[in-house]
Amino acid sequence: MPSFRATLQINGLRPGHAPEEVMDMAVAAVGAAHVVEANQLDIVAGTPRITVRFMVEASEHDAENQFARNAAVSMAHGVNTVASSGALRTYRRQTGKWLAI
């Protein structure tokens with residue numbers, strides 16, 4: 001099964017939500033359709049960024065990429081219920097590198 005990752009900048013929490021809800025929501029959104037391999041929080045240039053790594057069921061290359069993009073969009077929609085977010089990016093693991101799709 002091919003491996004993908006989605007990254008999302010987090011700009012701030014919405015009122016009434018705790019910081020841990022951001023990652024919980026991201027993992028739940030992606031995990032609803034795919035196997036989540038890992039997740040992490042990084043601070044890049046002073047801005048929080050979450051990463052969720054997941055696998056997509058093997059099929060045709062373009063279809064796999066589309067499933068991954070859809071998962072990333074679902075993650076962003078879920079996270080936006082608890083936090084405001086910025087740039088969303090999706091990557092595919094190929095030949096030992098993470099390539100943007």
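Q: What makes two strands count as paired in this predicted model?
A: Two strands pair if DSSP finds at least two bridges between them. In S3, the bridge partner of Thr7 is Thr51.

Q: How do you know that S1 and S3 pair?
A: The cut-off is at least two bridges. S1 and S3 are joined by 7 bridges and run antiparallel. Therefore they count as paired.

Q: What makes S1 and S4 a pair?
A: Strand S1 (residues 3-13) and strand S4 (residues 83-94) share 8 bridges, in the antiparallel sense. At least two are needed, so the two strands pair. Ala6 stands opposite Thr90 in S4.

Q: How do you know that S4 and S5 pair?
A: S4 is joined to strand S5 (residues 97-100) by 4 bridges. The cut-off is at least two, so this is a pair. Gln94 faces Lys97 in S5. The hairpin of S4 and S5 has 2 residues between the strands, and Thr95 takes a positive phi near 50°.

Q: Why is Thr51 called buried?
A: Buried means under 20% relative accessible area. Thr51 has 8% relative accessibility, so Thr51 counts as buried. Thr51 lies in strand S3 (residues 47-55). Residues touching Thr51 include Arg5, Met23, Ala38 and Asp42.

Q: What is the order of the strands in the open sheet?
A: The order is S2-S3-S1-S4-S5, with antiparallel pairing.

Q: What makes strand S2 (35-44) and S5 edge strands?
A: Each pairs on one side only.

Key. Residues numbered from 1 in each chain as written. Predicted model: local features only at pLDDT ≥ 70, side-chain atom pairs only at ≥ 80, totals over all residues. Heavy atoms only, no water. Buried < 20%, exposed > 50% of the residue type's maximum accessible area, 1.4 Å probe, protein only. Contact = heavy atoms within 4.5 Å. Lists of a residue's contacts leave out its neighbours within four places in sequence.
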